[in-house]
Amino acid sequence: MTAPGSNRRALLGRPATFALALGLWFTPIPSGLTSQAWHLFAIFAAAIFSVIVAAFPLLTAAMLAAAAAVLTGTIAPAKAFAGFANGSVLLVVVAFLVASSVVKSGLGRRISFLVVSAFGRSTLGLAYSIFLTDAAIAPAFPSNTARSGVLFPIVLSLAEGAGSTPHDEKKRRVGGYLMFCGMASLAVSSALWLTATSVNPIGVEIARQFGLKIDFGSWLLAASVPALAAALLLPVVLYWLFPPSVRATPDAPAAARAALRSMGPLTRDEKVVAVAFLLMVTGWVTAGTLKLDLTAVAFGGLGALLATSVLTLDDIAQEGGTLATYLWLAVLFAMSGQLNELGFMSYVGGRLSSALEGVAWPAVYVALLVLYVLMHYLFVSQSSQVLALLGVFVDVGLRAGVPTPLMAFALLFASSYFSTITPQGGSQNVIFVGSGYLTQGELYKLGALTTSFCLLVFLLLGTPWLFLVVR
Amino acid sequence: MVSKWLPLAFLLAAGCSGPAVVPPGRPAPGETRTFEGTWSASGSRRTLELDRGHKASILSLTGSLLLTGERGLGVGFQGEAIGFSDSLTGGTGQCVWTDERGDKVFSQIRGQPIGTGSHVTGTITGGTGRYAGVTGEYELRWQYVIETDEGAISGRAVGLRGRVTWPGAGAPRS
């Protein structure tokens with residue numbers, strides 16, 4: 001069912017979207033860009049615009065954009081559809097399917113009762129349990145996408161345990177709040193630990209080229225104050241930005257303990273899911289050392305769950321939402337990658353940052369950081385942005401006189417916490433987005449506000465802290 | 001409301017980030033101009049491990065080439081290169097720079113094996129459109145080159161400096 005308000009927005013937004021696309025397309029191409037890059041930007045910008053103004057859902061916008069990009073000859077079909085074979089995209093999809101086994105088997109319910117019995121006196125307590133769990137497991141997980149596959153079933157079970165469903169307007173808010181806490185937690189924990197995401201070592205390698213050596217300890221020391229402050233404050237900030245419908249549940253811990261007792265021992269399916277997850281987690285944690293492919297590990301887990309009939313083909317057939325997620329994520333991933341490959345990202349980054357020449361270094365430092373974070377509106381991959389822009393921005397900062405550790409660390413941390421700025425800003429978000437607890441408008445709004453809050457915390461607390469410990 | 005308009009404002013800003021710099025005017029026949037700038041490029045690399053640390057690789061790079069100077073070669077190009085890099089003998093490749101009108105500048109590059117700090121020289125061999133018949137040379141240094149486990153490669157070249165000469169009146173245009 002569609003609300004009259006959203007119909008009105010669509011009616012206004014759709015012509016505006018097409019006007020924007022055509023307007024940009026026929027605008028004279030800026031010197032230094034090819035027509036291909038400019039036209040792809042017109043299509044991509046219009047697609048994102050249409051989602052923000054609620055003219056189209058993400059899936060519709062992505063499909064129209066893919067068709068426009070290929071049919072106008074802007075990019076080759078092989079490039080436009082490359083996202084469908086991307087390992088990170090497939091990992092999200094498989095993790096989604098695997099997560100459903102945690103709920104179906106009853107293991108998720110059991111875990112949620114365990115969490116609620118310890119933290120469940122309030123919804124805020126549950127949110128803190130998510131941040132705590134994630135921060136604790138993050139240093140062992142070199143992939144935050146894989147970590148989202150572990151965290152999501154727990155968050156989903158907590159939401160369902162609280163009686164929250166995506167389709168009940170009032171009840172969905174608890175789930176929506178917890179889902180966004182999951183996304184925000186992944187963003188902050190990735191900034192806290194050097195080894196919490198594959199993006200960080202790439203950034204460290206770039207920083208090394210500018211003479212800054214960073215190891216596990218120096219990263220943790222530099223990140224500790226701003227990242228822990230953000231982790232402490234974010235559940236409260238989100239609680240205020242997106243108030244859950246149920247807040248205080250003083251009787252929930254006792255009820256959860258009683259429910260746990262009534263559940264009895266682990267069932268056969270719960271045991272199978274627990275073992276499968278344990279093996280997958282072991283595979284993901286040791287992937288770097290043993291040279292295991294993360295997606296293949298997830299495929300192995302899904303295969304095992306199907307082979308043991310914990311999941312059936314009927315269960316998979318009912319996951320239509322996963323297909324929708326796969327389609328839009330693959331298309332946007334490929335399109336953003338192409339914008340990067342065609343030089344658009346480094347062009348915009350270079351132009352914006354070169355405009356700062358001659359400005360005092362403190363202003364350059366703040367401006368570069370803000371621009372770097374805003375640039376993530378155009379990226380669907382954190383590592384792509386780090387590879388394309390981190391070095392450019394560090395270089396501009398250094399030439400303006402910003403101390404190397406300050407500029408490099410600030411941008412490195414931003415490369416993690418900016419992931420929530422859009423639903424597609426990091427592949428680890430997507431599994432939470434696909435749960436359906438939050439509307440697209442809410443995701444963009446919470447994303448912008450959460451990222452702005454993290455930016456403020458890292459600027460106001462992180463900057464003096466960095467001066468103190470790493471200068 | 002701010003949260004909703006922030007991305008829209010940024011998209012607009014990104015779209016308007018095109019330079020206020022006016023592209024250089026039409027050069028006189030036989031005129032030589034100098035240019036300098038940077039090249040941020042990313043792409044892929046496939047490496048063949050040979051004996052005793054000897055490595056050979058093929059690579060493909062694309063990215064934005066931003067030039068400075070009001071009377072240089074232009075404001076910027078999309079730079080695309082394919083090359084072969086050998087850890088013992090160095091690197092060689094072909095490069096195409098394409099501007100906003102689709103006009104191209106062709107060059108051959110050679111130098112040290114691609115990596116952080118390596119030095120590359122290029123010979124401009126011709127072009128299309130307004131660059132038809134141009135010749136020249138340039139050099140650059142890779143400020144950094146980063147490679148991921150998946151074979152993705154990214155780097156930034158600084159100190160890109162060169163000169164280009166337009167064909168004289170009556171000279172054949174390739």
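## Two chains, helix by helix

Let's start inside chain A, where Ala187(A), Val188(A), Ser190(A) and Ala191(A) of helix 9 meet Phe413(A), Ser416(A) and Tyr417(A) of helix 21. To "meet" here is to be in contact, with C-beta atoms, placed from the backbone, within 7 Å. By class, this contact holds five nonpolar, two polar and no charged residues. Nonpolar covers Ala, Val, Leu, Ile, Met, Phe, Trp, Tyr, Cys and Pro; charged covers Asp, Glu, Lys and Arg; the others, Gly among them, are polar.

A quick word on what you're looking at: this is a predicted model, in which local features need pLDDT of at least 70 and side-chain atom pairs count only at pLDDT 80 or more, while totals for chains, interfaces and linings use all residues. Residues are numbered from 1 along each chain as its sequence is written, and chains are lettered from A and ligands numbered from 1 in the order in which they are written.

### Helix pairs in chain A

Helices (H or I, at least four residues) and strands (E, at least two) are DSSP runs, numbered from the N terminus. Two packed helices are described by the angle between their axes and the distance between the axes. The axes are lines fitted to C-alpha atoms, for helices over the stretch in contact, and the angles run from 0 to 180 degrees between N-to-C directions.

| Helix pair in chain A | Angle | Axis distance |
|---|---|---|
| Helix 9 (172-192) and helix 21 (404-417) | roughly 155 degrees | within 7 Å |
| Helix 13 (268-285) and helix 15 (294-307) | about 170 degrees | 9 Å |

Helix 9 and helix 21 of chain A are therefore roughly antiparallel, a label for angles over 145 degrees. Helix 9 passes helix 21 in a right-handed crossing (the near helix is turned clockwise from the far one by less than a right angle).

Helix 13 and helix 15 of chain A also count as roughly antiparallel. Their contact includes Val273(A), Ala276(A) and Trp284(A) from helix 13, and Leu294(A), Gly301(A) and Leu305(A) from helix 15. Its residues come out as ten nonpolar, two polar and no charged.

### Two loop residues with positive phi

Most residues other than glycine have a negative phi. Lys291(A), though, has a phi near 55 degrees, and its place is in the loop between helix 14 (287-290) and helix 15 of chain A. Is Lys291(A) buried or exposed? Lys291(A) counts as exposed, because it has 8 C-beta neighbours inside 10 Å. The cut-offs are 20 or more other C-beta atoms within 10 Å for buried, 12 or fewer for exposed, and partly exposed in between, with C-beta atoms placed from the backbone.

Ser309(A) has a positive phi too, near 65 degrees. Ser309(A) lies in the loop between helix 15 and helix 16 (313-317) of chain A, and with 12 C-beta neighbours inside 10 Å it counts as exposed.

### Over to chain B

Chain B has one helix and eight strands, running α-β-β-β-β-β-β-β-β from the N terminus on. Of its 174 residues, 41% are buried.

How does chain B touch chain A? Through 36 residues of chain B, in contact with 39 residues of chain A. Elements giving two or more residues to this side of chain B include helix 1 (2-15), strand 1 (32-49) and strand 8 (152-165). Helix 1 gives the most, with nine residues. By class, this side of chain B divides into 14 nonpolar, 19 polar and three charged residues.

Conventions: Parallel < 35°, antiparallel > 145°, perpendicular 65-115°, else oblique.
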